[in-house]
Amino acid sequence: MKTLIEATHLKFNYGQKSVLKDISFRVNSGEIIGLIGENGAGKTTLLNILLGLYPTTGDVVLFGKQPGSKVGKAHIGSMLQTDMVIQGVTVSELLAEIASCYETSFSPEQLIKELHLTTFAKERLTNLSGGQLRQVTFAIALIGNPDLLFLDEPTVGMDVQARQSFWHRIRLLKQQGKTIVITSHYLNEIQEVADRILVMKNGQFIFQGSFNDLQNQHQRVEIVFQTERASDVFKVLPHVTEINKSDGNIHIRSTDGDATLYALMKNFKHLHQITVTRESLETIFVQLTNQEVK
Ligand code: ADP
């Protein structure tokens with residue numbers, strides 16, 4: 001898989017305050033990365049560095065170039081937390097103006113239609129709600145048809161329809177092979193779409209991997225079923241960390257739910273009412289971020 005972003009030993013200070021503390025990570029082409037962390041963890045600072053807006057020590061390369069390079073910029077679309085509000089300008093005027101800055105871009109009309117902005121396309125930006133402004137900012141990020149998108153809290157203030165339409169678009173972009181780095185506090189949404197999750201705390205990554213890895217690492221997959229058999233016979237199953245029996249139900253905790261379930265179904269018969277419970281990203285995240293970072 002092609003590496004699109006590679007960062008090694010990134011550090012960043014605001015004055016005396018150390019905000020990013022020796023961060024290393026990579027993003028592969030076509031991946032959706034969920035960058036999550038509590039407020040103040042350093043997510044926005046990291047995005048600003050990747051966009052070339054802040055200087056840093058350590059190595060960062062995007063498309064084989066330094067952040068902020070002309071080549072990189074042509075391939076990147078970004079949606080930061082502040083929306084562009086220009087007095088007296090309408091949504092369609094703004095999009096047309098920005099589209100004219102690109103050699104190849106989506107037609108503003110097409111984007112307005114596809115992103116469901118039609119009902120307020122003729123409105124002035126100053127008359128829009130916070131959620132509508134986020135939708136316009138998303139359209140701005142997309143208009144140059146970028147290969148890499150940085151989206152910082154994109155869905156804040158969006159209503160349910162706008163949010164659904166946003167995630168639908170993200171899935172389409174993924175199908176088109178685009179690479180997306182997205183921060184959000186809506187962890188159930190990140191859980192659905194992210195190929196990998198980077199969890200940041202106090203300027204460090206405390207986890208990098210898939211949601212599946214995270215669940216397995218935290219032994220958060222529980223398989224429950226009914227059987228007449230004694231609990232001991234299930235000890236042969238792979239990746240099992242705990243087995244209990246209560247009221248005829250066997251409860252198995254596993255570090256690899258998929259592998260355990262596969263072996264269970266293959267080797268044991270007469271099991272009833274099998275359920276597999278996977279904890280949500282939000283639940284695991286709270287536990288993970290409450291642990292001390294060494
Ligand atoms: P996040 O996006 O994860 O909420 P930020 O990157 O915005 O975190 O902030 C990381 C840390 O840097 C926080 O402690 C924040 O207070 C601090 N910070 C952010 N911007 C500035 C600034 N312009 N000057 C000084 N400190 C800042």
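**Ground rules.** I keep in mind that this is a predicted model, in which local features need pLDDT of at least 70 and side-chain atom pairs count only at pLDDT 80 or more, while totals for chains, interfaces and linings use all residues. Residues are numbered from 1 along each chain as its sequence is written, and side-chain values use heavy atoms, with hydrogens and water left out.

**Overall.** I noted 294 residues, of which 46% count as buried, and a box of roughly 75 × 45 × 30 Å, taken along the principal axes, that the C-alpha atoms fill. The secondary structure comes to 10 helices and 13 strands, where helices (H or I, at least four residues) and strands (E, at least two) are DSSP runs numbered from the N terminus.

**Salt bridges.** I found 9 salt bridges in the structure, the term standing for a side-chain nitrogen of Lys or Arg within 4 Å of a carboxyl oxygen of Asp or Glu. In general, side chains of opposite charge can pair when their charged atoms come close. Lys-235 takes part in one of them with Asp-232, the closest N and O atoms being 3.5 Å apart.

I then turned to Asp-258 and Arg-278, whose side chains meet in a salt bridge at 2.9 Å, N to O. Asp-258 belongs to helix α9 (residues 257-267) and Arg-278 to strand β13, so this pair ties together parts that are 20 residues apart in sequence. Asp-258 is partly exposed at 43% relative accessibility, and Arg-278 is partly exposed with a relative accessible area of 31%.

A further bridge that I looked up joins Lys-174 and Asp-195 at 2.8 Å, N to O. This pair links distant parts of the chain, since Lys-174 is in helix α6 and Asp-195 in the loop between α7 (187-193) and β8 (196-201), 21 residues apart. I recorded both as partly exposed, Lys-174 at 30% and Asp-195 at 28%.

**Helices α5 and α6.** I followed α6 (residues 160-175) to α5 (residues 130-142): their axes come within 11 Å and cross at roughly 15°, which makes α5 roughly parallel to α6. Axes are lines fitted to C-alpha atoms, for helices over the stretch in contact, and angles run from 0 to 180 degrees between N-to-C directions; those under 35 degrees count as roughly parallel, over 145 as roughly antiparallel, 65 to 115 as roughly perpendicular and the rest as oblique. The crossing of α5 and α6 is left-handed.

**Positive phi.** Which residues other than glycine did I find with a positive phi? Glu-153 has a phi of about 50°, lies in the loop between β6 (148-152) and α6, and is buried at 9% relative accessibility. Asp-22, with phi near 60°, is in strand β2 (residues 17-28) and is partly exposed at 39%.

**Back to strand β13.** Val-276 is in this strand (residues 272-278) and is partly exposed, with a relative accessible area of 38%. I noted that Val-276, Met-265 and Ile-274 make a nonpolar surface patch of about 240 Å².

How values were computed:
Patch = residues over 30% accessible without salt bridge, like charges linked within 9 Å, V, L, I, M, F, W, Y side chains within 5 Å. Areas by Shrake-Rupley, 256 points an atom, 1.4 Å probe, with all protein chains shown as cover. Buried < 20%, exposed > 50% of the residue type's maximum accessible area, 1.4 Å probe, protein only. Left-handed = near helix turned anticlockwise from the far one by under 90°.
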